[in-house]
Amino acid sequence: MSQRRKKNSSDGETKPRTSFVNKLFRSSKLRPTKAESRKKSNDLEAADFQPSDDTQKTENILDTAKPLTSEMELGSRMEKNEQFLQKLGRKAVNKCLDLNNCGLTTADMREVGEALEAIPELEELNLSWNSKVGGNLPLILQKFQEGSKIQTLELVDCDLTSEDGAFVGQLLPMMQNLEVLDLSINRNIGGSLNSIAQGLKSTSNLKVLKLHSCGLSQKSVRILDAAFRYLCELRKLDLSCNKELGGGFEDSSAQLAMLEHLEVLDLHQCSLTIDDVMSLTQVIPLLSSLQELDLSANKKMGGSSENLLSRLRFLPALKSLLINNCALQSETFTALAEASAHLPALEVFDLSWNKCIGGNLKLLLETLKFSESLQVLRLSSCSLVTEDVAVLASLIRTGHLAKLQKLILSYNDSICDTGWAIFCQNMWFLKELTELDISLRPSTSRDCGQWFRHLLCAVTTLPKITEIGMKRWILPATQEEELERFHQDHRCSIHFDLGEFQEADFPRLN
């Protein structure tokens with residue numbers, strides 16, 4: 001799960017830009033009614049930050065005791081804000097304003113802040129992927145007052161400074177309706193986490209907190225842990241890709257267990273230590289509402305997570321379990337396989353890049369055969385051997401895994417042609433399958449064996465399949481002809497991805 005920085009405009013931009021505000025706002029009617037203006041005047045009195053001259057002017061304009069000229073001035077101001085929003089090229093729709101990746105410049109910051117005043121009913125604001133927001137956040141959000149109706153605030157990859165983080169902490173108590181806060185990919189706010197955590201104590205309605213790649217450290221866990229007791233409604237917590245977080249859970253995870261409504265916990269690539277795993281072993285099984293758990297790319301889990309993985313059986317609502325690239329060992333894999341038998345709701349299971357599975361897949365399949373919900377199974381680069389796919393084929397043939405939609409078996413180069421033939425001969429039982437990937441590693445290539453004919457035969461019976469990954473498998477001329485005949489004889493829309501060697505698309509014929 002990674003997010004990528006977008007390209008922003010430079011500070012040196014001086015020429016007027018067409019439709020910059022239209023890009024930002026999704027609503028056409030920004031001018032408030034007179035009643036709304038009066039209410040707004042009262043709300044502005046509670047501002048915590050020093051008002052600018054423009055703010056003071058707005059307060060005077062909104063004073064209903066002023067003569068008609070003030071209302072005319074208000075109309076002029078609202079028209080100016082509308083023009084700015086039209087310049088951005090977006091509109092506010094259903095109380096939502098999406099300004100992500102708009103190339104906002106430093107000069108735009110104050111105008112955006114003033115434009116936000118024109119939407120007192122705003123509930124969702126997205127300023128993500130605008131690097132110039134960093135260092136200028138108060139200019140944009142300082143007009144937010146206590147009682148703000150904002151429910152969603154997204155500031156992903158805005159190059160926020162430590163000072164911006166402290167400002168967010170001061171702002172949070174004014175946002176009593178806040179349900180979603182996303183500060184991901186702002187690597188400099190870790191130093192202001194104390195202020196943010198203090199503010200979070202006032203956001204009792206918060207349901208989603210995302211701090212992916214925010215430069216968090218070991219002590220950050222202790223700081224956040226103190227705030228968790230106030231976040232009783234939290235449904236999703238993302239602390240992923242904070243590589244200095246490792247070791248932080250050793251003595252500071254008790255309050256995490258109080259998040260009784262938590263449905264999603266993402267700790268992938270957090271450099272979890274052995275002691276972290278021991279601590280989380282006492283906490284994670286208590287999160288009975290948990291539906292998605294991502295512990296991927298924590299390689300120290302490999303030999304220390306036997307108890308944790310065994311206790312996943314106490315999470316009956318779990319739908320998605322991602323443990324790829326965790327260097328699992330035989331004992332931990334066995335514990336996981338046994339626990340999976342007690343996860344009836346499991347829909348997504350990713351065990352890729354765990355080499356110990358090779359030759360031992362039978363342990364997992366013996367428990368997965370009872371699963372009636374599994375839709376996605378990823379076993380990429382697991383050192384699978386021919387015996388593993390033969391067992392998988394046998395399981396499929398007996399009617400198990402019938403709801404499987406995506407099956408990823410790529411980068412398992414040790415499977416011989418016989419193994420692929422056995423698998424392809426039984427693949428037609430997977431009537432819900434939409435995607436299959438059997439690509440080879442980037443460093444290798446092989447000629448397709450006679451199993452390719454079995455694959456084509458199976459595909460003709462799969463009504464939902466659209467994608468078959470076969471990168472670095474080379475089709476001889478005879479098999480290319482078979483593909484062409486397949487294209488001519490069957491009305492279907494399937495993409496065979498052969499990578500840089502060959503590629504075949506079959507458009508739907510109707």
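Trainee: Is Cys96 buried or exposed?
Mentor: This is a predicted model, to start with. Cys96 is buried, because its relative accessible area is 13% and buried means under 20%.
Trainee: Where does Cys96 lie?
Mentor: In strand β3, residues 96-98. Its C-alpha atom is 6.0 Å from that of Glu123. Along the chain, Cys96 and Glu123 are 27 residues apart.
Trainee: Which loop is Asp157 found in?
Mentor: The one between β5 (152-154) and α6 (162-171). Asp157 is buried, at 1% relative accessible area.
Trainee: And what about phi of Ser381?
Mentor: Also positive, near 50°, in a non-glycine residue. Ser381 sits in the loop between β13 (376-378) and α13 (386-397). Its relative accessible area is 0%, so Ser381 counts as buried.
Trainee: New topic: helices. At what angle do α14 and α15 pack?
Mentor: About 15°, with the axes 8 Å apart. So α14 runs roughly parallel to α15, as angles under 35 degrees count that way. The crossing is left-handed.
Trainee: Which residues meet there?
Mentor: From α14, Asp417, Trp420, Ala421, Cys424 and Gln425. From α15, Trp451, His454, Leu455 and Ala458.
Trainee: How many are nonpolar, polar and charged?
Mentor: Six nonpolar, two polar and one charged in the contact of α14 with α15.

Methods. Residues are numbered from 1 along each chain as its sequence is written. This is a predicted model: local features need pLDDT of at least 70, side-chain atom pairs count only at pLDDT 80 or more; totals for chains, interfaces and linings use all residues. Side-chain values use heavy atoms; hydrogens and water are left out. Axes are lines fitted to C-alpha atoms, for helices over the stretch in contact, and angles run from 0 to 180 degrees between N-to-C directions. Helices (H or I, at least four residues) and strands (E, at least two) are DSSP runs, numbered from the N terminus. Angles under 35 degrees count as roughly parallel, over 145 as roughly antiparallel, 65 to 115 as roughly perpendicular and the rest as oblique. A crossing is left-handed if the near helix is turned anticlockwise from the far one by less than a right angle, and right-handed if clockwise. Contact means heavy atoms within 4.5 Å. Ala, Val, Leu, Ile, Met, Phe, Trp, Tyr, Cys and Pro count as nonpolar, Asp, Glu, Lys and Arg as charged, and the others, Gly among them, as polar. Buried means under 20% relative accessible area, exposed over 50%, partly exposed in between (1.4 Å probe, protein chains only).
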